[in-house]
Amino acid sequence: MEKIVKVKDVRIGEGAPKICVPMVGETLEELKEEAAHLRTLDLDIVEWRVDFFEHVEELEKVKAALHEIRSILANIPLVFTFRSAREGGEKEISAASYVELNRTIAETGQVDMIDVELFNEEADVKMLIEAAHKHNVYVIISNHDFQKTPPKEEIVSRLRKAQELGGDLPKIAVMPTNTADVLTLLDATRTMAEEYADRPIITMSMAGKGVVSRLTGELFGSALTFGAAKKASAPGQIPVTELREILQVLHSHS
């Protein structure tokens with residue numbers, strides 16, 4: 001498999017890490033304002049964190065809001081993500097609702113990628129991948145640990161599992177308690193990228209200690225990084241303008 005995922009005009013896995021900026025509005029008006037602002041920024045991908053949306057449990061309202069967001073963002077690649085509370089998100093919904101939400105949105109054809117958490121039932125993960133691919137939607141298979149950084153072998157194992165399940169972009173985000181944890185994440189990323197990955201991967205160490213991991217993906221093997229616009233969706237995200245400048249400096253010397 002080619003180690004590049006092409007979403008519209010964005011080639012993830014080639015050159016500097018691509019910048020994804022989350023939308024975290026709670027109301028439709030906030031989301032429309034946010035989308036309009038994001039169009040003015042130098043970013044590659046937008047992620048709608050729908051777990052912040054006040055009507056996330058009403059499918060028709062989610063679809064209506066998506067239609068509005070899509071019309072504003074035009075041709076910018078869009079990721080649809082419901083981040084569960086157990087992995088650092090805003091809400092918890094039933095497994096059945098999670099599957100129905102992601103399946104329904106993938107079928108709309110108005111998103112380019114959906115994010116599916118690795119630690120769901122394996123059958124549900126496989127079903128969502130199949131449903132998304134039927135509609136030419138890519139799938140990020142993700143895992144988030146907001147408490148700690150697992151050992152290197154465990155990080156690599158989870159990324160490999162995401163790849164084996166058929167995810168187009170395996171992702172892991174972990175919390176460091178010291179600088180050694182950041183090195184663990186970076187070394188796991190390098191090992192996965194060099195020895196096992198046949199597609200782009202996404203990794204990050206969160207919070208202030210982990211910021212360096214959001215900047216050095218091109219060196220260690222992470223293909224995408226998350227930046228903040230007005231409000232961050234996770235600890236350690238830095239403003240998108242600063243992020244672009246730093247990525248370009250590192251890319252020009254790589």
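Strand 4 (residues 45-49) and strand 5 (residues 78-81) pair in the parallel sense over 4 bridges; two strands count as paired if DSSP finds at least two bridges between them. Strands (E, at least two residues) and helices (H or I, at least four) are DSSP runs, numbered from the N terminus. The model is predicted: local features need pLDDT of at least 70 and side-chain atom pairs count only at pLDDT 80 or more, while totals for chains, interfaces and linings use all residues. Residues are numbered from 1 along each chain as its sequence is written, and side-chain values use heavy atoms, with hydrogens and water left out.

Across the pair formed by these strands, arginine 49 stands opposite threonine 81 in strand 5.

Strand 8 and strand 9 pair in the parallel sense over 4 bridges, and alanine 173 has methionine 204 in strand 9 as its bridge partner. Strand 8, helix 6 and strand 9 make a right-handed β-α-β unit; right-handed means that, with the strands pointing away from the viewer, the path from the first strand over the helix to the second runs clockwise. Both faces of strand 9 are covered: Ile202 and Met204 are buried on one side, Thr203 and Ser205 on the other. Here buried means under 20% relative accessible area, exposed over 50% and partly exposed in between (1.4 Å probe, protein chains only).

Several residues carry an annotation. Under "binding site", an unreviewed UniProt entry lists Glu47, Trp48, Arg49, Arg83, Arg214, Ser233 and Gln237. UniProt positions are given in the numbering used here, feature names are shortened, and annotations may be inferred rather than shown by experiment. From this set, Glu47, Arg49, Arg83, Arg214, Ser233 and Gln237 belong to the lining of the largest cavity. A cavity is a set of points on a 1 Å grid over the protein atoms alone where a 1.4 Å probe fits but cannot get out, and lining residues have an atom within 4 Å of a point.

Glutamate 47 lies in strand 4 and is buried, with a relative accessible area of 4%. Beyond its neighbours within four places in sequence, its contacts include Pro22, Thr81, Arg83 and Phe226. Arginine 214 sits in helix 7 (residues 211-215) and is buried at 2% relative accessibility. Among the residues that arginine 214 touches, not counting those up to four places away in sequence, are Met204, Phe226 and Gln237. Glutamine 237 is in the loop between strand 10 and helix 9 and counts as buried at 12%. Pro22, Arg214 and Phe226 are among the contacts of glutamine 237, again leaving aside neighbours within four places.

Valine 249, in helix 9 (residues 240-252), is partly exposed at 48%. Valine 249 and alanine 96 are 153 residues apart in sequence and 45 Å apart in space, C-alpha to C-alpha.

Note on methods
1 Å grid on protein atoms, 1.4 Å probe; cavity = no way out; pocket = protein on both sides within 12 Å on 5 of 7 lines; lining within 4 Å. Contact = heavy atoms within 4.5 Å.
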